[in-house]
Amino acid sequence: MHGQPYRPVPYRPSRMPADESLARARELRQRMDERRTVRMFSTDPVPEQVVLDAIAVANTAPSGAHQQPWTFVLVQDPEVRRRIREAAEEEERRSYAGRLGEEWLSALAPLGTDENKPHITDAPHLIVVFQQRFALRPDGSSYKHYYVDESVGIAVGMLITALHLSGLAALVHTPSPMRFLSEVLGRPRNEKAFAVIPVGYPAPDAVVPDLVRKTLDQVVVRV
């Protein structure tokens, strides 16, 4: 796409009847309201194709200048996952020992999180999302990507939605700093780690924080 001329093509999707649209929106709202962030995963296998289809959904996300500045690394090697967990827990120990600060630790308290990250090795699939800060051509030259944070954030949101609607649980984990992920996974210099996402079924004894979401009236402003 980069540098190519504008070539419009027809777009004529079928218009959904209003009653069907209302029904689908209501069902989607109900199903997504059931989504929870899970930190306790079953080790039961999940078909890889389900995860690949969810990544394909994320790949349809809108992006700045349609540059699709993302890479999804599906980590399956147990040894690599062990190394990621060890490095993540080391960073988290430093964070919970004081690097985060009291205000951030206070915000995390209702979630029951700590430096232990068994989900990285327990969940049957692990997706590490990288944002491409710029593009690399085969000859080694580069060009800039635009709205990278926004684009990758939207893609991850669509990924989480697709996984949930496919009957799976997920967690968006952002160990800080995340430079170790580029080293462990051998990613090129234009990529920066964005999130670590374990994927699978909740463990039989899984628990989640007793949280309440904001109501629609609290998040919508009509002008």
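What you see is a predicted model, in which local features need pLDDT of at least 70 and side-chain atom pairs count only at pLDDT 80 or more, while totals for chains, interfaces and linings use all residues. Residues are numbered from 1 along each chain as its sequence is written, and side-chain values use heavy atoms, with hydrogens and water left out.

Let's begin with helix H6, residues 148-165. Helices (H or I, at least four residues) and strands (E, at least two) are DSSP runs, numbered from the N terminus. H6 has 18 residues and reaches 26 Å from its first C-alpha to its last, close to the 26 Å expected at 1.5 Å a residue; that expected span is 1.5 Å times one less than the number of residues.

Is Tyr-147 buried or exposed? Tyr-147 counts as exposed because its relative accessibility is 60%; the cut-offs are under 20% relative accessible area for buried, over 50% for exposed, and partly exposed in between (1.4 Å probe, protein chains only).

Within H6, the buried residues include Val-152, Leu-159 and Leu-163. Their cover includes helices H1 (18-33) and H2 (48-58), along with strands S1 (70-75), S2 (125-132), S5 (169-170) and S6 (191-200).

That brings us to the largest nonpolar core, which has 23 residues. A nonpolar core is a set of buried Ala, Val, Leu, Ile, Met, Phe, Trp, Tyr and Cys residues joined through side-chain atoms within 4.5 Å. Phe-72, Ile-127, Leu-159, Ile-197 and Val-199 touch the most other members. Two or more residues each come from H2, S1, S2, H6 and S6, and the largest share, eight residues, is from H6. Leaving aside neighbours within four places in sequence, Val-199 is in contact (heavy atoms within 4.5 Å) with residues including Phe-41, Val-51, Ile-127 and Leu-163.

Elsewhere, Ser-95 is found in helix H3 (residues 78-99). Ser-95 counts as buried because its relative accessibility is 2%. Beyond neighbours within four places in sequence, Ser-95 is in contact with Leu-100 and Ser-176. Leu-216, found in helix H8 (residues 216-219), is partly exposed, with a relative accessible area of 48%.
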